[in-house]
Amino acid sequence: MSIDEHYRRWTEADCVRRFAEKGVGEFFETERRFLTRIMPDVSSVLDVGCASGRLLELLHQYKPDLAFDGIDIVPDSIERAKQLYPASRFWCGNALGIDPGRTYDLVNATGVCQHEPRFEDLIRRMWSWSSRHLLFDVKLARLDRHLVDIDRSYSGETQRLYFIIASLPGLLATLKALPEVGRIAAYGYVTKPNKHTTVPADLGDFVSAGFLLDRVPGAVAPEIALELPDFLTA
Ligand SMILES: C[S@@+](CC[C@H](N)C(=O)[O-])C[C@H]1O[C@@H](n2cnc3c(N)ncnc32)[C@H](O)[C@@H]1O
């Protein structure tokens with residue numbers, strides 16, 4: 001399988017190891033907050049960009065018995081996932097080109113959309129695989145348009161990843177256009193670029209945000225519940 005240049009960083013050994021060894025305590029508040037609310041009703045989960053499947057350790061804290069499957073583009077990560085969690089099904093490849101062939105109560109993508117230049121296509125696909133909930137995280141700034149430019153906003157040095165900053169109005173327009181979205185909730189806080197990340201000097205503050213979409217059959221206009229810093233919504 002050939003992997004496009006802008007995904008290569010994911011295949012490097014230190015990166016594979018980091019996510020394979022990720023502990024339960026390393027998942028962020030953006031991830032835990034919504035899980036606490038929805039997990040009591042969730043029996044099946046698809047994790048997109050699952051790396052070695054460590055999210056299952058966190059999910060087990062909410063539900064010990066859970067059908068859990070995953071997709072990741074990195075063969076080494078998927079090999080480890082299969083060894084660690086033999087009861088799960090894992091696909092190796094780009095989630096933009098894979099079809100799991102079934103739906104899940106929850107489709108999750110942690111740390112994926114902010115590096116995926118086609119993140120809105122990915123969100124549409126993930127929504128089509130979800131029977132109830134979609135959970136993902138993004139970076140947001142006060143922008144009219146998404147910033148998707150690997151020359152200006154990236155992480156890594158030799159093998160760059162896109163570091164995408166989404167526009168809140170643009171993202172909400174995409175989410176509202178999805179079918180049967182009954183509720184869109186977001187929770188986020190201001191964050192800083194780490195030492196491996198470069199963003200435009202004039203970007204201003206940006207925010208790490210988790211989004212939860214709930215499917216309500218027949219819904220035409222979603223309820224919107226945003227817990228985000230004022231500068232994004234004013
Ligand atoms: C930041 S890591 C997060 C891993 C894991 N979700 C976690 O939170 O620990 C992003 C993962 O998504 C995978 N990934 C990124 N884009 C992908 C795509 N389009 N299709 C499948 N996997 C992808 C990468 O290989 C990597 O393992």
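1. Two strands are taken to pair if DSSP finds at least two bridges between them. Helices (H or I, at least four residues) and strands (E, at least two) are DSSP runs, numbered from the N terminus. On this basis, strand β1 (residues 44–48) and β4 run parallel and are joined by 3 bridges; Val45 has Leu106 in β4 as its bridge partner.

2. The model is predicted: local features need pLDDT of at least 70, side-chain atom pairs count only at pLDDT 80 or more, and totals for chains, interfaces and linings use all residues. Residues are numbered from 1 along each chain as its sequence is written.

3. Strand β4 (residues 104–109) is largely enclosed by the rest of the structure, because 5 of its 6 residues are buried. A residue counts as buried if 20 or more other C-beta atoms, placed from the backbone, lie within 10 Å of its own. β4 also pairs with strand β5 (residues 130–141), in the parallel sense and over 5 bridges. Within this pairing, Val107 has Leu134 in β5 as its bridge partner.

4. Together with helix α5 (residues 119–128), β4 and β5 make a right-handed β-α-β unit. Right-handed here means that, with the strands pointing away from the viewer, the path from the first strand over the helix to the second runs clockwise.

5. Helix α4 (residues 75–84) has Ser77, Ile78, Arg80 and Ala81 buried. These residues lie on the same side of α4, because they cover an arc of only 160° around the axis, the arc being that of the directions from the helix axis to the C-beta atoms. The cover over the buried residues of α4 includes α1 (13–20), β2 (67–72) and β3 (90–92).

6. Leu59 belongs to helix α3 (residues 55–62) and is buried, with 21 other C-beta atoms within 10 Å. Neighbours within four places in sequence aside, Leu59 is in contact (C-beta atoms, placed from the backbone, within 7 Å) with Met39, Val45, Leu66 and Phe68.

7. An open sheet of 3 strands has the order β7-β6-β10, with antiparallel pairing. Its edge strands, β7 (161–162) and β10 (197–198), each pair on one side only. Strand β6 (residues 154–155) and β10 pair over 2 bridges, and Tyr154 stands opposite Thr198 in β10.

8. The ligand is surrounded by 20 residues, of which the closest are Trp10, Gly49, Ala95, Thr110 and Gly111; the criterion is a C-beta atom, placed from the backbone, within 6 Å of the molecule.

Note on methods:
A residue is buried if 20 or more other C-beta atoms lie within 10 Å of its own, exposed if 12 or fewer, and partly exposed in between; C-beta atoms are placed from the backbone. Two residues are in contact if their C-beta atoms, placed from the backbone, lie within 7 Å.
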